[in-house]
Amino acid sequence: MALVGIIMGSTSDWETMRHAAETLDMLGVAYEKKVVSAHRTPQRLYDYAHSAKGRGLKVIIAGAGGAAHLPGMAASMTTLPVLGVPVESKALKGMDSLLSIVQMPAGVPVGTLAIGQAGAVNAALLAASILATADPELGRKLDEHRERQTSSVAEHPE
Ligand code: RP5
């Protein structure tokens with residue numbers, strides 16, 4: 001059963017959001033992925049956000065670009081943690097996505113990550129950290145991931 005829901009505003013966002021999926025794959029975390037647009041498929045968003053907790057999801061990762069309402073709208077309809085990934089836009093290099101995701105008014109939080117691939121990877125790692133508070137085995141996998149990362153850093157440049 002999926003514990004993390006990865007949603008994105010367009011199929012064009014998958015190039016970024018697949019990095020979240022690959023990170024969850026690496027950690028063995030079950031997820032689902034779906035295109036859900038705040039603007040183009042509002043009913044799909046409503047149905048997704050309202051059913052998410054009942055279907056067993058624990059965290060939602062929402063990626064969108066431009067006027068990126070998807071994470072905030074999803075967060076408005078569920079108290080599950082929502083992690084927002086600003087997808088890099090052509091016109092403004094993702095600054096529009098970042099600002100429209102990060103500037104939520106007090107009361108409806110969206111945990112906002114970095115623009116693009118780094119944000120997608122970190123959203124998955126943060127989702128895993130949230131899940132690991134109740135899953136020691138996943139916590140161990142996160143520790144091992146950190147150890148691999150540390151040992152991969154050379155002391156001197158080639
Ligand atoms: C947003 O508009 C999507 O999240 C995407 O980042 C952006 C462009 O979408 P497409 O025109 O590529 O479908 O809603």
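Predicted model: local features only at pLDDT ≥ 70, side-chain atom pairs only at ≥ 80, totals over all residues.
The UniProt record, an unreviewed entry, lists residues 2–153 as "domain: PurE".

**The sheet**

- Five strands make up an open sheet with parallel pairing, in the order E2-E1-E3-E4-E5.
- The edge strands, E2 and E5 (111–112), each pair on one side only.
- Strands E4 and E5 run parallel and are joined by two bridges.
- Leu-83 stands opposite Gly-111, which belongs to E5.

**Val-59 in strand E3**

- Val-59 is a residue of strand E3.
- Val-59 has 24 other C-beta atoms within 10 Å, and 20 or more make a residue buried, so Val-59 is buried.
- Apart from neighbours within four places in sequence, Val-59 is in contact with Val-4, Leu-80, Pro-81, Leu-83, Ala-127, Ile-130 and Leu-131.
- From C-alpha to C-alpha, Val-59 and Pro-81 are 5.2 Å apart in space, although 22 residues separate them in sequence.

**Helix H5**

- Helix H5 covers residues 117–132, which is 16 residues.
- At 1.5 Å a residue, helix H5 should span 22 Å, and this agrees with its end C-alpha atoms, which are 22 Å apart.
- The buried residues of H5 are Gly-119, Ala-120, Ala-123, Ala-124, Leu-125, Ala-127, Ala-128 and Leu-131.
- The elements that cover these buried residues of H5 include strands E1, E3 (59–65) and E4 (82–87), together with helices H1 and H6 (136–151).
- Two of the buried H5 residues, Ala-127 and Leu-131, are also among the contacts of Val-59.

**The listed binding site**

- Under "binding site", the unreviewed UniProt entry lists Ser-10, Asp-13 and Arg-40.
- These residues are spread over 31 residues of sequence but cluster in space, with a largest C-alpha distance of 14.3 Å.
- Ser-10 is placed in the loop between strand E1 (4–8) and helix H1 (14–27).
- Ser-10 has 18 C-beta neighbours inside 10 Å; buried needs 20 or more and exposed needs 12 or fewer, so Ser-10 counts as partly exposed.
- Not counting residues up to four places away in sequence, Ser-10 touches Val-35 and Ser-37.
- Arg-40 lies in another listed loop, between strand E2 (31–35) and helix H2 (42–52).
- Arg-40 is exposed, because it has 11 other C-beta atoms within 10 Å and 12 or fewer is the limit.

**Around the ligand**

- The residues around the ligand are Gly-9, Ser-10, Ser-12, Asp-13, Ser-37, His-39, Ala-64, Gly-65, Gly-66 and Val-87.
- This shell divides into two nonpolar, seven polar and one charged residue.
- Ser-10 and Asp-13 are found in this shell and are also listed by UniProt under "binding site".

**Lys-93**

- Lys-93 is located in the loop between E4 and helix H4 (95–102).
- Lys-93 is not a glycine, yet it has a positive phi of about 55°.
- With 12 C-beta neighbours inside 10 Å, Lys-93 falls within the limit of 12 or fewer and therefore counts as exposed.

Definitions and conventions. Residues numbered from 1 in each chain as written. UniProt positions renumbered as here; feature names shortened; annotations may be inferred. Helix = DSSP H or I, 4+ residues; strand = E, 2+ residues; numbered from the N terminus. Contact = placed C-beta atoms within 7 Å. Expected span 1.5 Å × (residues − 1). Near = placed C-beta within 6 Å. Nonpolar A, V, L, I, M, F, W, Y, C, P; charged D, E, K, R; others polar. Pairing = 2+ DSSP bridges.
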